[in-house]
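Here's a quick briefing to read alongside the model. Keep the sequence and the 3D view open while you go through the points.

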Amino acid sequence: MKLSLPDFLTSNDRSATVRARREGAVLHVELNAPASGNAVTEAMLDELLDVVVAPDPEVRVLVLGAAGDDFCLGGDRTEFGQWLEEDPTGRGIRIAGEKARRVCEALSGGRLVTIARVRGRAVGAGFALALACDLRVGAESASFRLPELALGLPTAWGGLLPRLIHEVGAARVRELILTGRAFGAAEARELSVLQRVVPDAELDDAVAAWAKPVVRRPEAALRVTKALLNSYAAATRLADPAFLDAELMASVAAATRRSPAGGDGAGGSHS
């Protein structure tokens, strides 16, 4: 029997930056800060952890989407700066970075099959959240960018770099990171950042087409198969030091603050 809740579970809380609703065995999770381009804050990470780390045992599929025109424009640089003001050693960045790692590991390594529903821009941390999902479908309006280097930061958030190198290839990733250029949905499909691209109006249908057969699979077989896929993928990596991301980001941010480099400041309020 299909269970469909009448509205998003957190809709009564107007301050919530993450909303979730359950439809049968599918959990729809939505980044809900469209005024900021769904910039990732520590509050958003806390709310994501509440949703993705211990989901309902009857849920088989988690769909990660976003409100507004963009998927996510990256981390909130205003909050980032405040953390450095409060503690120039970067303690706040380390705490948030550890939460980011846990969120992305839950998406990629948890028992649920996760689907990224990408429309508009996915930048920096938003790119990482999408890439952490097992299946990634993008609207034709989708675009991606990794601007961290121009902002004086390493590409170290949520285990993005090792996963990106594994999925895309080291040579292509090197070019994307060093140039910081944006690329659209068609190239993202070519690079395997997306596995499918559809017109914007067909995005929800594409998500449903993936979710429908998955929820019919026996739970034990689905869980073990995802674990096997992750294990075999990990075996082909030379290293996966994602646990160092928070430390690397904090250390470089603190050093850059002391001796600012001449970055181009691209990316607006987010990274």
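Arg121 counts as partly exposed, because its relative accessibility is 41% (buried means under 20% relative accessible area, exposed over 50%, and partly exposed in between, with a 1.4 Å probe and protein chains only). Its salt-bridge partner is Asp70, with the closest N and O atoms 2.9 Å apart. Just so you know, this is a predicted model, where local features need pLDDT of at least 70, side-chain atom pairs count only at pLDDT 80 or more, and totals for chains, interfaces and linings use all residues. Residues are numbered from 1 along each chain as its sequence is written, and side-chain values use heavy atoms, with hydrogens and water left out.

**Salt bridges**

- A salt bridge here is a side-chain nitrogen of Lys or Arg within 4 Å of a carboxyl oxygen of Asp or Glu, and the structure holds 17 of them.
- Side chains of opposite charge can pair when their charged atoms come close.
- Arg136 pairs with Glu167, and their closest N and O atoms are 2.7 Å apart. That pair ties together distant parts of the chain, 31 residues apart: Arg136 sits in strand β6 (residues 135–139) and Glu167 in helix α5 (residues 160–168).
- Arg136 is buried at 1% relative accessibility, while Glu167 is partly exposed at 28%.
- Glu105 and Arg101 also meet in a salt bridge (2.9 Å, N to O). They are 4 residues apart in helix α3 (residues 91–109), so about one helical turn separates them.
- Glu105 is partly exposed at 40% relative accessibility, whereas Arg101 is buried at 16%.
- A network of salt bridges links Arg172, Glu175, Arg181, Glu187 and Glu190.

**The sheet**

- Helices (H or I, at least four residues) and strands (E, at least two) are DSSP runs, numbered from the N terminus.
- An open sheet is built from 6 strands in the order β1-β2-β3-β4-β6-β9, with mixed pairing. Its edge strands, β1 (18–23) and β9 (196–198), each pair on one side only.
- Two strands pair if DSSP finds at least two bridges between them. Strand β3 (residues 61–66) and strand β4 (residues 113–118) pair in the parallel sense over 4 bridges, and Leu64 has Ala116 in β4 as its bridge partner.

**Helix α2**

- Which residues of helix α2 (residues 77–86) are buried? They are Glu79, Phe80, Trp83 and Leu84.
- Seen down the axis of α2, these buried residues fall within an arc of 140 degrees, so they line one face of the helix (the arc is that of the directions from the helix axis to the C-beta atoms).
- On the face turned away from the buried side, α2 carries the exposed residues Glu85 and Glu86.

**Cysteines**

- A disulfide is a pair of cysteine sulfur atoms within 2.5 Å, and the structure holds 0 disulfides.
- Cys104 is buried, with a relative accessible area of 3%, and Cys133 counts as buried at 0% relative accessibility.
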